[in-house]
Amino acid sequence: MLGQARGLLEIGQSLIATVDVRREEESLRLTAQKIEPLDGVVAHAAAGLRVFVGELEALPRLKSLIGREAGGRGRVTVVLDLPRNEVELALPGGFRVDPKIRAASSRCPGSSMCTISERL
């Protein structure tokens, strides 16, 4: 299995490993069954992204970022934290939600506290 995953083994690459665990005398033996890049697993999961936005000026940039990720299974919700009230908008369709889009949307001017969750 490790030989098959050798191409994934790079410094800084986050991976998910499915392992078989067996007790051998006084120790545990782990045998890799499957190794995948974390970004790929997250992108295909049915997770979602919730972005809190404090300034309306942030919406065009956020729309551009999120729009490039259309076609996935993740749901995206934008919460507008306005002075007098809070408005929550569920974007139609599905999106590829991965650590890269999460990081990019949290750096979007006017957005704050971007969180990723299993259900929205």
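Modeller: Before we start, a residue is called buried under 20% relative accessible area, exposed over 50%, and partly exposed in between (1.4 Å probe, protein chains only).

Colleague: Got it. So is Leu 28 buried or exposed?

Modeller: Leu 28 counts as exposed because its relative accessible area is 55%. The model is predicted, so local features need pLDDT of at least 70 and side-chain atom pairs 80 or more, while totals for chains, interfaces and linings use all residues. Residues are numbered from 1 along each chain as its sequence is written, and side-chain values use heavy atoms, leaving out hydrogens and water.

Colleague: Thanks! Where does Leu 28 lie?

Modeller: In strand E2; strands are DSSP runs of E with at least two residues, helices are runs of H or I with at least four, and both are numbered from the N terminus.

Colleague: Which residues make the nonpolar surface patch?

Modeller: Val 19, Val 21, Leu 28 and Leu 30, covering about 370 Å². Strands E1 (15–24) and E2 (27–37) each supply at least two of the patch residues.

Colleague: And how do E1 and E2 run?

Modeller: Antiparallel, joined by 10 bridges; pairing takes at least two DSSP bridges between the strands. Asp 20 stands opposite Thr 31 in E2.

Colleague: What about the turn? How many residues are between them?

Modeller: The hairpin has 2 residues between E1 and E2, and Glu 25 in the turn has a positive phi of about 55°.

Colleague: Switching topic, what's the element order?

Modeller: From the N terminus, β-β-α-β-α-β-β-α-β, which comes to 3 helices and 6 strands. Of the 120 residues in the protein chain, 25% are buried.

How values were computed. Patch = residues over 30% accessible without salt bridge, like charges linked within 9 Å, V, L, I, M, F, W, Y side chains within 5 Å. Areas by Shrake-Rupley, 256 points an atom, 1.4 Å probe, with all protein chains shown as cover. Salt bridge = Lys/Arg side-chain N within 4 Å of Asp/Glu carboxyl O.
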